[in-house]
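Please take a look at the sequence and the structure below.

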Amino acid sequence: CTTNKAIPPIESVHPHQERAQLLQQLSQWQITGKIAFIQSNKRERANFHWQINEETQQQNLNLTSYLGINVLQLSSSNGHHKVKVDGKTYQGEDLTALIYQLTGFTLPTKALNFWLKGLPYLDSDQISYHPETQLPEYLLSSLETNTNNHEAWRIHYGNYQAIKQFILAKKLTISKGDLTIKLVIDKWRV
Amino acid sequence: DTHSPSTQALTASKSQLMAKLAGIKYFSAQFSQSIYTEEGELIQQGAGKLAISKPNLVNWQTTSPDETFIISDGETLWFYDPFIDQATAYSLAKSIDNTPILLLTNDDISLWQQYQVNEVAIPKEQSTQNDVAFVITPKKEDSQIKSLTVTFNGNAIKSFSFKDATGQLSQIELTQYQQSKVPAEDLFQFTLPEGVRLEDKR
């Protein structure tokens, strides 16, 4: 039955905050897919298997060429990173610098933990949402990295899919000046 | 080459492998590929089709998780990757080291001098009647591929796998294997598609 008394509007949590709160639960996940680094003079592609436990700060990343040969192996635990490339092992605290030094490519892994889920990493990161789906469509970040490329990061999200209780993008196009990173996730495991 | 007592045995395995390979002028098959870390964790799966014709002609096309092409026209080894709209060209001679499949296309004795061959027993549950497996190990220390294992069922190749320097294992199972029909010639030719960037490493 309807009452004519105006019911005070329940303070409705904005769908964007609701999604962000839900994603806080997603701290252990594993993704498999392919990543491409495209710059004016160089293009490289690898298949990746990335497994993260944000609570224990533990992660493993395997980059494999399409022949099946490993090109980079990363294992991290509580802020310390070990990267194996061409049979040599490198260690460090700043993973983005380590990966840049070894591959020449910029991969902000810490920020990616958030950006992959469509969440801001810096407070200043701005997200614009798709009018119908209300899911993140673009993210803009002024995250500085140690390269001389000071352009902003611009991410486009696509190919959303429901994975358990989460709705996650399976295609990210990340650009920063003349660098474009294409990330296609074949499988999210949460 | 040290004169260990098993040297005689090695050459026996090698000549047995080469006899089997000599019997294969060409073949085509579907394949499924699984990649495991050294700890045995499955990190990637894929599938595709493979055609080989001697000497040195290969067409290795993955169809899942996405399309990539590895084509040897006998002189150049082409890696075409639509995901980045790029094709990379390597000289065939320089690529044998990190493209183990090329070994299966070549009976040249001098090439095989650089490899050691051992016949290995196949675990009971995996082997069917008259399966035989050979492990091929490069004598060169710094090769990207640590070992290549080829398993035959009779004279047909049933599967092969290779281990890289990190111990990562790529396992390839062949199905619909056939050795009777000559693979089409254009399978082993590559023309750079429109708008695709060429990375020439020859």
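Over the ring of which residue does the charged end of K34(A) sit? That ring belongs to F83(B), with the charged end 5.4 Å from its centre. Keep in mind that this is a predicted model.

Within chain A, the charged end of K42(A) sits over the ring of F105(A), at 4.5 Å from its centre.

Now the sheet. Chain A has an open sheet of eleven strands, paired antiparallel in the order β6-β5-β4-β3-β2-β1-β11-β10-β9-β8-β7. β6 (88–92) and β7 (126–129) of chain A each have a single partner strand, so one side of each lacks a neighbour in the sheet. On average, neighbouring strands are turned by 20° against each other, direction ignored. β5(A) (residues 80–85) pairs with β6(A) over five antiparallel bridges. H81(A) has G92(A) in β6(A) as its bridge partner.

Next, the aromatic rings. The count over all chains is 14 aromatic pairs. W115(A) and W153(A) form a tilted pair, 5.7 Å centre to centre with 50° between the planes. W115(A) lies in helix α3(A) and W153(A) in strand β9(A), so the pair ties together parts 38 residues apart in sequence. Both W115(A) and W153(A) are buried. F31(B) and W60(B) are stacked, at 4.2 Å and 20°. Both are buried too. In chain B, ring pairs also link F69(B), W78(B), Y80(B) and F190(B) into a cluster.

Technical notes: Residues numbered from 1 in each chain as written. Chains lettered and ligands numbered in written order. Predicted model: local features only at pLDDT ≥ 70, side-chain atom pairs only at ≥ 80, totals over all residues. Heavy atoms only, no water. Pairing = 2+ DSSP bridges. Helix = DSSP H or I, 4+ residues; strand = E, 2+ residues; numbered from the N terminus. Axes fitted to C-alpha atoms, helices over the stretch in contact; angles between N-to-C directions. Phe/Tyr/Trp six-rings, centres within 6.5 Å; stacked < 30°, edge-to-face > 60°. Buried < 20%, exposed > 50% of the residue type's maximum accessible area, 1.4 Å probe, protein only. Lys NZ or Arg CZ within 6 Å of the ring centre and 35° of its normal.
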